[in-house]
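Open the model in your viewer and keep the selection tool at hand. The tour goes stop by stop: select, look, move on.

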Amino acid sequence: MAIREVEKPGAVITPRPGEFYPGPVHRPVRGDRLWRLLRTTDAKDIGKMYLVTAFAFFGAAGFMALLMRAELARPGQQFLSNEQYNQLFTMHGTIMLLLFATPMLFAFANLVLPMQIGSPDVSFPRLNALSYWLFLFGGSIVMAGFATPGGAADFGWYAYTPLTSATHSPGLGADMWIIGLTISGLGTILGAVNMVTTTLTLRAPGMTMFRMPIFTWNILVTSLLVLMVFPILAAALLALEADRRLGAHAYDPDTGGAMLWQHLFWFFGHPEVYIVALPFFGIITEVIPVFSRKPLFGYRGMVAATIAIAALSMTVWAHHMFATGQVLLPFFSFMTFLIAVPTGIKFFNWIGTMWRGQLSFETPMLFALGFLTTFLLGGLSGVLLASPPIDFHVNDTYFVVAHFHYVLFGTIVFAVFSGVYFWFPKFTGRWYDERLGRLHFWLTMVGFHTTFLVQHWLGNEGMPRRYVDYLESDGFTMLNTVSTIGSFVLGISTLPFLWNMWKSYKFGALVTHDDPWGHGNSLEWATSSPPPRHNFTELPRIRSERPAFDAHFPHLVEDLAHARALGEAAPAPEARSGPPPATGPTDPIDPLRGAGGDGQNPDRDDRPDAD
């Protein structure tokens, strides 16, 4: 008869001849797992639901992008009409920004933030569940626009008036777009309320504000930004619907309504860029120190840069409106240049963290480096667009499309994949396949840059964005063909990722330690893998911004304290007697296997039983 060993995390049912379980056998009821998810208030389950749902929207938006790129590969209209193309680019942009990137912020916030501050859950678990269901319901309404007789919304994801009026966009899909985004935005607002309250009220004893991980800081600042700008978007959308269906006149062109909408939308839209950037900056800031075997360089500078970016993001919305002639160009140009300064501080801190570190290049670190490369290039083209004369030249061309994707795809998607691989062993208790992870990274890197690098040149040559066709005599054919080939490589890159996640979740090697990477810093690496329902059975003493590291390497903490007391330089880990630290994985399935010879991290030999 087989019984379950419950003493150890990750234990499995093993046969023991001659032993019999005296109680009844409980078999799972069909559909019980689905019912549990429908009524769960566990932040970790809700985070996983956000993650899976956001990836489903990501797949839908990616498929739309492949259709557009296939159409643009050659001159002439192949298989899409003007109307279908308009619907595709409208829904692609909407989904990527508001139904993938923004919800992904709450996926990682629900999964990671409560554990990083030592909390058993979020402040309002039921409100947290409501936030997810509002997001899913609103997003489903937006997508259902494709099923209406007139099709989905077709006026662009920025919804400029009067294109959105009942005269120019009479279909029901436009109304579903407006109402769906309003409902989904309400879920985003409620989620932000939860994260702010959780961070301020549920920190563990000893977890002061300046001991919080940078990821938690970034979620806090991002949630405050959400509370400032998402209500403006919701109000602007409801006024737009009132114009369409109730005969209101909020956005009449004769009274400056078109400019009013642009100001309202971009006052939301540019902070939204940092709402979907700051959390992913936080993910990268968690990944780089672990794979550099060093503490974060310039912790307080990182916090200050995050706050500065959030503040400045509220002052640069009108650089999207340079070509309108309705804004003060010197002021908004200067503020746009200025916001590059705190972003540059973050780059120096990331590079300083890696400088002279014991770097290892597992999949999370590869995607973090891909993020640094891609976002840097996007930031440099953003500096160009901050100059009004250059902006006048390339505005509404593919140069802006390339910049936008370098900034947002480079920030969001590379960081999301880095975070998924980084925390996958923690939340599933299993290892992913490192070989498939590396294949996924290189396909993504090659596919992305092949797709969007050439679009800078297309824009400089004058190819307008949002056009379904071009002439062969325009000279755009070769670069469009290259871009389309790259887009399909990028699409194919998701296949090894999906296979890796499914296979590893079902059959991956079991994680045997609280800290599977061996050098984790924040509190989530001080609990079991996967964590219990309320995250912790006990908390380590919190004395710095690296509580898990302090608990796993007490001898290094003592050496550092002694060196500081004597005014000496901190001793290097190699100076202590004993085996040297692991420098990286040798096994593609279990990175700790081979580093210590038996699946154990040699740095942790003096630690009490991690299980």
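Predicted model: local features only at pLDDT ≥ 70, side-chain atom pairs only at ≥ 80, totals over all residues.

In which loop does Arg-466 lie? Arg-466 sits in the loop between helix 15 (434-461) and helix 16 (477-492). Check the backbone there: phi of Arg-466 is near 65°, a positive value in a residue other than glycine. Most residues other than glycine have a negative phi, and most peptide bonds are trans.

**Two cis peptide bonds**

Now select Thr-161 and Pro-162. A cis peptide bond joins Thr-161 and Pro-162, with omega about 5°. Pro-162 is found in the loop between helix 4 (125-144) and helix 5.

Next, go to Ser-529 and Pro-530. The peptide bond that joins Ser-529 and Pro-530 is cis too, and its omega is about 0°. For context, show helix 17 (494-507) and helix 18 (547-552): Pro-530 is in the loop between them.

**Helix 3 against helix 5**

Two packed helices are described by the angle between their axes and the distance between the axes. Select helix 3 and helix 5. Their axes are 11 Å apart, and the packing angle is about 20°. Angles under 35 degrees count as roughly parallel, and helix 3 and helix 5 are therefore roughly parallel to each other. Helix 3 passes helix 5 in a left-handed crossing.

Show side chains at this contact. On helix 3, pick out residues including Thr-90, Met-91, Leu-98, Phe-106 and Leu-113. On helix 5, the partners include Trp-177, Leu-181, Gly-191, Met-195 and Thr-199. Colour by class: the contact of helix 3 with helix 5 has 10 nonpolar residues, nine polar and no charged.

**Helix 3 against helix 7**

By class, the contact of helix 3 with helix 7 has five nonpolar residues, one polar and one charged.

**The largest cavity**

Rolling a probe the size of a water molecule over the atoms shows where empty space is left. Five of them are 30 Å³ or more. The largest cavity has a volume of about 130 Å³.

Which helices each supply at least two residues of the lining? Select helix 3 (82-116), helix 5 (172-201), helix 6 (214-245) and helix 7 (257-275). Helix 7 gives the most to the lining, with six residues. The lining of the largest cavity divides into 12 nonpolar residues, two polar and one charged.

**Helix 10 against helix 11**

For the last stop, select helix 10 (residues 329-338) and helix 11 (residues 340-354). The axes of helix 10 and helix 11 are 5 Å apart, at an angle of about 10°. That makes helix 10 roughly parallel to helix 11. Thr-336, Phe-337 and Leu-338 in helix 10 meet Ala-340, Val-341 and Pro-342 in helix 11. This contact of helix 10 with helix 11 has five nonpolar residues, one polar and no charged.

How values were computed. Residues numbered from 1 in each chain as written. Heavy atoms only, no water. 1 Å grid on protein atoms, 1.4 Å probe; cavity = no way out; pocket = protein on both sides within 12 Å on 5 of 7 lines; lining within 4 Å. Points joined across faces, edges and corners; volume = space filled by probe spheres on them. Helix = DSSP H or I, 4+ residues; strand = E, 2+ residues; numbered from the N terminus. Nonpolar A, V, L, I, M, F, W, Y, C, P; charged D, E, K, R; others polar. Axes fitted to C-alpha atoms, helices over the stretch in contact; angles between N-to-C directions. Parallel < 35°, antiparallel > 145°, perpendicular 65-115°, else oblique. Left-handed = near helix turned anticlockwise from the far one by under 90°. Contact = heavy atoms within 4.5 Å.
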